Structures are given as C-alpha cells and as structure tokens.
Amino acid sequence: MTNRWVYSFGGGGAEGDASMKNLLGGKGANLAEMSSLGLPVPPGFTITTEACNSYYAEGRKYPDDLAGQVAGGIAHIEKITQKTFGDAANPLLVSVRSGARASMPGMMDTVLNLGLNDATVEGLANLSGDRRFAFDSYRRFIQMYSNVVLGLDHHAFEEILDDHKDRLGVDVDTALSASDWEAIVAEYKQAVARELGQPFPQDPQEQLWGAVGAVFQSWMNDRAKFYRRMHDIPESWGTAVNIQSMVFGNLGETSATGVAFTRNPSTGEAAPYGEFLINAQGEDVVAGIRTPQSLTRAAREEMGDRNPSMEEALPDVFAEFRDVAARLERHYRDMQDVEFTVEQGRLWMLQTRNGKRTAKAALKVAVDMAGEGLITQAEAVSRIDPAALDQLLHPTISPDAVRTVIAKGLPASPGAAVGAIVFSSEDAERRGAAGEAIILVRHETSPEDIKGMHAARGIITARGGMTSHAAVVARGWGIPCVSGAGDIAIDLKGRSFSVRGKVFNEGETVTIDGSTGEVLAGSVKMIEPELTGDFAALMVWADQMRRLKVRANAETPLDARTARQFGAEGIGLCRTEHMFFDEHRIAAVREMILADDEAGRRAALSKIAPFQKADFVELFTIMEGLPVTIRLLDPPLHEFLPHSEEDLTAVAEATGLDAAKLMRRARELHESNPMLGHRGCRLGISFPEIYEMQVRAIIEAACEIAKSGKPAPVPEIMHPLVGKGTEMKFLRELTDKTAKAVIAEQGVELEYLVGTMIELPRAAIRAGDLAENAEFFSFGTNDLTQTTFGISRDDAGKFLNDYIEKGIFEKDPFVSLDQEGVGDLIRIAAERGRAARPGIKLGICGEHGGDPASIAFCEEVGLDYVSCSPFRVPIARLAAAQAALAKT
C-alpha cells in the first residue's frame with residue numbers, strides 16, 4: 001500500500017483539519033482548518049511529519065513515492081490559481097515553510113518567492129505591471145534561498161544592498177527603483193557563483209526540492225535541538241513542510257503584511273495587538289529592516305507614533321481582518337497568533353496558532369474567557385502551565401534587557417537577582433545585614449552556610465546539581481540560584497573567580513537568572529513579580545478540582561508563613577537539623593558530639609531542648625492545627641563540625657572547647673560515603689537520647705498549644721532512612737515511650753502519628769514490614785532516586801547533561817521523577833503498605849513534590865498529599881488540579 005505523504009488545502013476545502021497536528025504539524029493542520037472554514041487562505045499542500053521521519057530513517061533520502069505526490073500538490077495549486085509552476089509567461093511562485101507539531105517560533109527555516117529565475121521574473125513583471133516589485137521579490141528569493149538552502153551567510157548580501165543604498169544616498173529599501181533592484185540581483189548572483197563555484201539554480205524543481213530538504217534538515221539544526229531540549233519536544237515528532245501559493249505584500253501601497261495576536265500577549269487585555277508594514281513581505285516585519293506600524297489607532301496613539309495604523313491606512317481590510325481574527329478566536333476558543341498578507345486590497349490568512357503569552361497574560365486570558373463563557377472553569381485551570389507561575393512569584397529579567405552571559409549552570413531555583421559578589425557566608429551575612437544586595441559564590445554550600453545564604457539575594461555554586469544543598473535551600477526560601485556552574489574557577493584566597501579568561505573580583509556586580517541557569521555580567525533590568533486577582537480566582541477553581549492535598553517543606557517561621565500565604569495545607573517536611581545550626585545552639589550540638597558518654601550527651605542535649613520546643617511551638621502556632629510532619633535528625637554528625645583545621649581552631653577558641661579533641665572527633669566521624677553512613681535513624685539507634693530529646697520537645701510543644709486553647713496540632717513524627725521492620729519497631733517503641741510519658745506529665749489528651757521516610761529501595765520493597773509500626777509513609781524521593789540509581793545528586797551535574805543529550809535520560813531524574821524505576825518502588829510501597837495497614841497516610845516530600853509531571857504520577861498512584869518548597873505551593877496546587885482533571 002502506498003503511504004500518503006501529501007495533504008492539500010485551499011479553494012474552500014482541505015484534506016486535513018486541526019485535529020491532525022501530529023501528522024500535518026501545527027501550521028499545516030491550521031491552514032487546512034482555516035480553508036475548511038471558508039477563510040481566505042492561499043492554496044497549498046502539506047508534506048507530513050511522517051515523511052520527515054522517513055527521510056531521517058532512510059539516511060536523509062526522500063520516500064520513493066513522495067515526488068509523485070508533491071507533483072499532485074503543485075497541480076492542485078496550479079488549478080486554483082490558474083498559474084503554472086516554472087512557466088515563463090504565467091509563473092506560479094510558492095513559499096516553503098516548516099511546521100512542527102509544537103510551535104517553535106524562529107527555530108526552523110522558510111523560503112519565499114520560490115520559482116523565480118531569470119525567465120519567470122520577467123513574466124512576473126509583465127503580469128503585475130510592476131518591474132520594481134518583480135526584481136525586489138527576486139533579490140529576496142536569492143538571499144533567502146542562498147542562506148537557507150545553499151548555506152551562504154546572509155551578511156554578504158546585506159553588504160551588497162547597503163553599498164548600493166550608500167552610493168544612492170538612500171536609507172530605506174522602498175526608495176530603490178526597478179533598475180536598482182536589477183543591478184542588485186546581478187550582484188547577488190555573482191556573489192553566489194563566486195562563493196559556490198556554480199551559478200544560482202534556475203530550475204524551479206531543483207529549487208523546490210532544495211527547499212524541502214532544507215526544512216527537513218532544519219529540524220536537526222542546533223537552535224532547533226536546543227529549543228526542543230528547553231521545551232521537552234521529542235526529536236521523534238519531526239516537522240511537516242508547507243508549500244503554498246505566494247501572495248505579495250510588497251505589491252504597492254495597497255499591499256501589506258503583518259503579525260497579530262487576538263489579545264495582548266503581555267497583559268492578556270482583550271484587544272488586537274500586533275504590527276504591520278505597507279509594501280513589504282513577511283520577513284520585513286520580524287527582521288527589523290523597517291520599523292513596523294501599529295494595527296490599531298489606539299495602539300498608535302499610546303505609542304506616540306505618527307505613522308498611520310492599519311485601521312487608518314487600510315480601514316476596509318482592517319475591518320475584515322478584525323472579523324476574521326475574532327472568528328478564529330471563537331473557533332479555537334483560545335487567543336490566536338496570526339500572520340496575514342494584504343495583496344492589492346485583498347486579505348489573505350497565512351497562519352493561525354494558539355499564541356504564546358506571559359504567565360500574567362495566560363491567567364487573564366483564561367479567567368476572562370471563562371467569564372465570557374468561551375471556555376469552562378476546568379478548561380481555564382487546564383490551560384495554565386504550572387511551571388509558568390514562577391514568573392509571577394519571583395522577579396524576572398526584563399525581556400528587553402541586554403544579556404551578557406559569562407557562565408552557565410543549572411537553573412536550580414527560579415527568579416533573578418542582582419548583587420555584589422561575595423565568597424564567604426560570614427561576609428554575606430555581614431553585608432546583607434547592612435542592606436547591601438549580594439550574590440554568594442561558593443564551590444558548594446553546606447548547612448553551615450545557611451545564614452549567609454539567607455542574607456544573599458542570589459546564590460552561585462560551581463558544583464552540585466538540581467537537588468544539591470544550595471538548590472534545595474534556595475528553592476525553599478524563594479532565592480534565585482544557579483548551581484553546577486562548572487566553568488567558574490573560584491580563588492578563595494584571591495577573593496575572585498575566573499571564567500573564560502575573565503576575572504571577576506569580590507564586590508563586582510553580577511546578575512543571575514535562576515530560571516535559565518545563566519550568570520550575567522553587571523546589573524540587568526528586572527521585572528518585579530505581580531500577583532493579580534486572576535491568580536486568586538484561578539487558584540480557587542484549582543482547589544475545588546484537586547484531590548491531592550498540598551503541603552510545604554518548612555522549618556523556619558518565615559518558611560511556614562510563606563507556605564500559608566501560598567495556600568499550603570500543612571507542613572510535609574520539617575528538617576530539624578536546620579534548627580541546630582543557629583549560633584545559640586551549634587556550640588551545644590558540638591558539645592554533645594564531643595561527649596564521652598551518654599550522660600555527657602544528655603547534659604548537652606538538655607541545653608538544646610528548650611530551643612527545639614520553642615521552634616515547634618512557633619511552627620504549630622502558625623499552622624493553626626494543620627498537620628506538621630517533623631523529621632528527626634538526619635545528617636551525619638560530622639556535618640555539625642568545622643571542616644578545615646583553621647576553622648576547627650577558630651571554633652575551639654570561640655567556644656572554649658578542646659581543639660585537639662575537636663580535631664580527633666572530626667577524624668573519627670569522617671566517612672568515605674556519608675550519604676550511606678551513620679545518619680538518619682542509625683543515629684537514633686546508636687544514640688537514642690537524641691531522638692528522645694526531639695520527641696519530648698515536639699510533644700511538649702503540642703501540649704502547650706493544646707492547653708492554650710488554640711487549635712491542637714497532630715504532630716507527625718518521622719524517622720528517616722529506615723530500611724527494616726525491626727528498625728521501625730525499635731523507633732516506634734522509643735517514640736511512644738517518650739511521647740506517652742510527656743502526655744501523662746502534661747495531663748492533656750493529644751493525638752500524634754509515627755511514621756517513616758521511604759528513601760531506600762529495601763524500605764519500598766518491604767513496606768509491609770514497616771507499616772506494622774508506621775502510621776504514615778513520606779517518600780523522600782531525593783534520596784530514593786539517589787539510592788535507586790546509585791547516583792550522588794551533588795555530583796550528578798558533572799555528567800547528567802551528557803545522558804540527557806545522548807537520549808539516555810529524557811529529563812534529570814532529580815527534577816522530574818523516574819516513573820519507571822523509582823515510580824515502581826513507590827507503587828510497590830503504597831500497595832504493600834496499604835495491605836499491611838489499610839488507610840495508611842501516604843505523601844511525597846522530595847523536590848519532586850513541586851514538579852507537575854511528578855505530581856501527576858502521585859495522583860495516579862493515589863498518594864494523599866505532596867509537599868514542596870513554599871514558593872512552589874501554587875504550582876503544586878494547580879498541577880494537582882490538572883492531574884485530577886486528566887483522570888476524569
């Protein structure tokens with residue numbers, strides 16, 4: 001059976017429609033749809049995405065039966081236009097454009113005026129009665145074809161044109177005459193022959209197949225690959241090719257070309273927005289060769305432009321265009337991005353697609369269209385990209401800012417920040433307290449850097465991945481962060497960093513873009529975040545539609561209040577170790593570590609206990625009865641000690657602790673692989689007094705709240721890194737013994753839960769054993785991903801990009817959950833946990849809790865909640881609603 005590679009459109013009908021985007025690409029499907037609606041669309045045909053995939057599968061060879069079908073498509077255009085392709089007297093000219101399934105603006109190639117040669121240009125001149133127009137079109141074709149198909153630099157042609165204009169003393173192309181264009185065409189052809197050693201192709205069939213091949217090949221060019229990677233567009237989709245009869249916007253003062261949106265793509269305002277040019281072709285609008293004019297009179301007046309708008313210059317055509325644009329928006333039920341040409345007073349529609357827009361505009365358009373009855377509230381919720389909400393929650397770099405990129409890392413925490421470079425947390429804290437905007441630059445951060453990180457406007461690390469310490473903490477606080485910027489060489493002694501041969505000293509200003517992972521030189525213009533009533537309205541709708549609860553990872557009062565402000569329904573992860581690094585507590589923690597026996601440890605812990613209790617009282621007060629999951633101490637003890645001999649000496653002097661003992665203990669605690677070492681519940685089993693102190697502080701704080709008459713909390717006490725049922729049994733008994741003793745002492749009734757983090761494959765596989773003593777599971781997917789893959793998340797940045805570029809990983813598994821491997825372990829744990837304890841509470845508290853694709857997985861598996869950093873709570877709420885809607 002013959003494969004069908006070609007679908008035609010035009011003349012009031014089409015062989016395809018808007019539902020065939022996968023096969024015809026977005027542009028081809030919408031051209032077919034507009035043709036079927038009876039709108040003015042130049043006739044043409046689409047070569048399918050399957051033909052592109054076949055082209056690559058067969059070693060860049062066209063399918064055998066493609067040529068015959070393309071000939072049929074050309075015959076279809078000839079019949080409607082009454083012109084003949086390649087005919088010298090009555091030539092048909094065509095455009096050749098790419099059209100992928102997903103919109104990829106400017107990423108792939110276009111050729112206009114194809115079919116022109118030394119003979120057909122004379123025919124075009126005779127038919128149009130305008131020799132200047134004919135040779136203007138020919139020079140455009142030579143330049144575009146030479147650049148796109150023949151691979152010549154377009155600057156060579158621009159130099160020829162500029163030289164001519166300089167000799168003639170004119171500034172604009174429209175001032176050139178027919179004879180000027182004839183001379184320029186001759187020079188263009190000479191330039192091609194000189195560069196390639198052969199003349200510019202004159203055979204229209206050769207031109208056509210050269211352009212089709214160029215479009216297919218542009219699917220694999222560097223900019224298209226980069227765009228696909230940025231927007232998660234699979235290579236396997238391929239691109240379609242659209243071949244369409246030319247219509248000419250450069251045919252005099254009643255001709256024009258333009259690009260428009262049916263609503264403002266920056267603000268969402270319900271008014272046409274766009275630009276046009278009289279006597280021009282499409283590339284003139286986007287290339288900046290001439291300054292475009294406004295579509296509407298209102299827009300022209302707002303901009304203070306004296307040139308007439310389309311509404312004023314071509315009032316009849318503008319009225320028709322406005323009606324067509326409104327009809328398209330009603331038909332597609334979304335804001336449209338359209339391209340059009342006016343040829344001697346007649347309107348032609350060249351493209352329509354759903355328009356790209358800012359997050360602010362997306363919210364307004366969705367909420368307004370729901371209010372207009374054009375879409376439902378559920379559709380409005382489904383249309384907003386949850387990740388785009390980051391634009392509304394953080395400052396961002398202005399789209400018109402000049403970006404001088406000096407280094408590139410991972411986009412670890414969104415938003416943008418400007419500040420002076422500092423290299424130590426102490427300097428960051430000191431200068432930040434003085435009101436200075438600073439950017440903290442570190443090889444990598446540790447919990448000891450927490451104060452400097454909090455004082456910084458932004459953070460750069462040379463090492464570390466998307467779930468490194470810096471990334472996780474920065475996201476939790478809403479601080480922009482670029483991690484794993486491996487090109488940066490930091491000289492701590494010299495207080496500078498060098499990158500690509502340039503040195504940046506402490507105090508110099510840099511800008512970071514945590515949404516792209518870029519580090520920029522100097523101070524770059526910002527846009528401040530703006531939450532509107534549309535945001536609140538959409539969140540109300542989303543909350544009505546979701547099943548999953550959304551909690552936040554928070555351990556400070558600021559985190560907790562931010563989480564509540566963004567609609568969190570509890571705390572899903574309170575990391576108690578972050579509370580230990582406060583300057584008033586760290587000395588007691590170190591004293592505990594240095595103690596020679598249990599009595600010494602208990603004496604030190606008694607100094608920490610009042611601080612822990614006060615922390616929990618404040619968190620419970622802020623959360624007002626909402627669930628709070630508190631993870632007992634997790635990191636290995638060596639993290640609380642200074643790392644260098646110099647720092648050890650300084651700490652000993654400041655605290656009065658024995659320097660030699662500190663050094664000896666640091667060496668004793670050193671581990672080859674601390675991530676799998678003496679940490680998590682292993683600390684609680686070796687030193688039960690640590691967990692006893694923490695449980696007592698939690699329960700005492702909860703009892704104090706209950707006695708005060710405020711909403712009583714239900715603390716969820718979570719033991720980390722449990723792998724065996726017998727571990728869980730020991731920890732449950734320890735917890736219950738301590739908690740019940742406190743409750744008896746306080747004389748109040750208090751409910752609490754005991755559970756564990758599932759961070760080890762064994763814990764997932766033997767979840768039934770754990771559930772005998774655990775009332776909830778929280779999947780710690782950061783560590784579960786590490787232990788499943790055997791990849792250190794702090795070191796993964798060195799090679800994960802190689803895996804993604806080579807197609808081994810589709811996405812970074814620390815950013816978006818590996819649903820096959822890690823996901824299977826979660827399914828197993830959920831199933832076996834529920835079998836052993838029906839009604840067991842299940843949640844996720846890794847960074848994946850704020851990732852929309854991972855949230856959809858959590859909905860599918862039937863988890864009860866997700867927990868993420870406070871600034872990602874709105875993203876999680878929206879993603880949870882979309883996941884629920886996807887199941888209905």
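Predicted model: local features only at pLDDT ≥ 70, side-chain atom pairs only at ≥ 80, totals over all residues.

Q: How should I think about the direction in which helix residues point?
A: An α-helix has 3.6 residues a turn, so residues three or four places apart point the same way.

Q: Where is Gly725 found, and is Gly725 buried or exposed?
A: Gly725 is found in helix H28, which covers residues 725-746, and it counts as buried because its relative accessibility is 18%, under the 20% cut-off. As for its position relative to another part of the chain, the C-alpha atoms of Gly725 and Val524 are separated by 55 Å, and these two residues are 201 residues apart along the chain.

Q: How many salt bridges are there, and how do I read one of them?
A: Side chains of opposite charge can pair when their charged atoms come close. Here the count comes to 61 salt bridges, and one of them joins Arg877 to Asp543, with the closest N and O atoms 2.7 Å apart. Arg877 lies in helix H35 (residues 873-887) and Asp543 in helix H20 (residues 533-545), so the pair ties together parts that are 334 residues apart in sequence. The two partners can also be read by accessibility: Arg877 is buried, with a relative accessible area of 9%, whereas Asp543, at 29%, counts as partly exposed.

Q: Which parts of the chain does the pair Arg602 and Glu692 link?
A: Arg602 and Glu692 form a salt bridge whose closest N and O atoms are 3.0 Å apart. The pair links distant parts of the chain, with Arg602 in helix H23 (residues 598-623) and Glu692 in helix H27 (residues 688-708), 90 residues apart. Both ends have intermediate accessibility, since Arg602 is partly exposed at 35% and Glu692 is partly exposed at 25%.

Q: What is the N to O distance in the salt bridge of Asp795 and Lys798?
A: The side chains of Asp795 and Lys798 meet at 3.9 Å, N to O, which qualifies because the cut-off is 4 Å. Asp795 is partly exposed, with a relative accessible area of 35%, while Lys798 is exposed at 61%.

Q: Which residues form a negative surface patch?
A: The patch is formed by Asp153, Glu158, Glu159, Asp162, Asp163, Asp166 and Asp171. Asp171 has its place in the loop between helix H6 (154-168) and helix H7 (178-196), and it counts as exposed because its relative accessible area is 72%, over the 50% cut-off.

Q: How many disulfides does the structure hold?
A: A disulfide is a covalent bond between the sulfur atoms of two cysteines. This structure holds 0 disulfides. Cys481, for example, is in no disulfide, and the nearest cysteine sulfur, that of Cys868, is 17 Å away. Cys481 counts as buried, at 0% relative accessibility, and Cys52 is likewise buried at 0%.

Key: Residues numbered from 1 in each chain as written. Heavy atoms only, no water. Disulfide = S-S within 2.5 Å. Buried < 20%, exposed > 50% of the residue type's maximum accessible area, 1.4 Å probe, protein only. Patch = residues over 30% accessible without salt bridge, like charges linked within 9 Å, V, L, I, M, F, W, Y side chains within 5 Å. Areas by Shrake-Rupley, 256 points an atom, 1.4 Å probe, with all protein chains shown as cover. Lys, Arg positive; Asp, Glu negative; His and termini not counted. Charge placed at Lys NZ, Arg CZ, Asp CG, Glu CD. Helix = DSSP H or I, 4+ residues; strand = E, 2+ residues; numbered from the N terminus.
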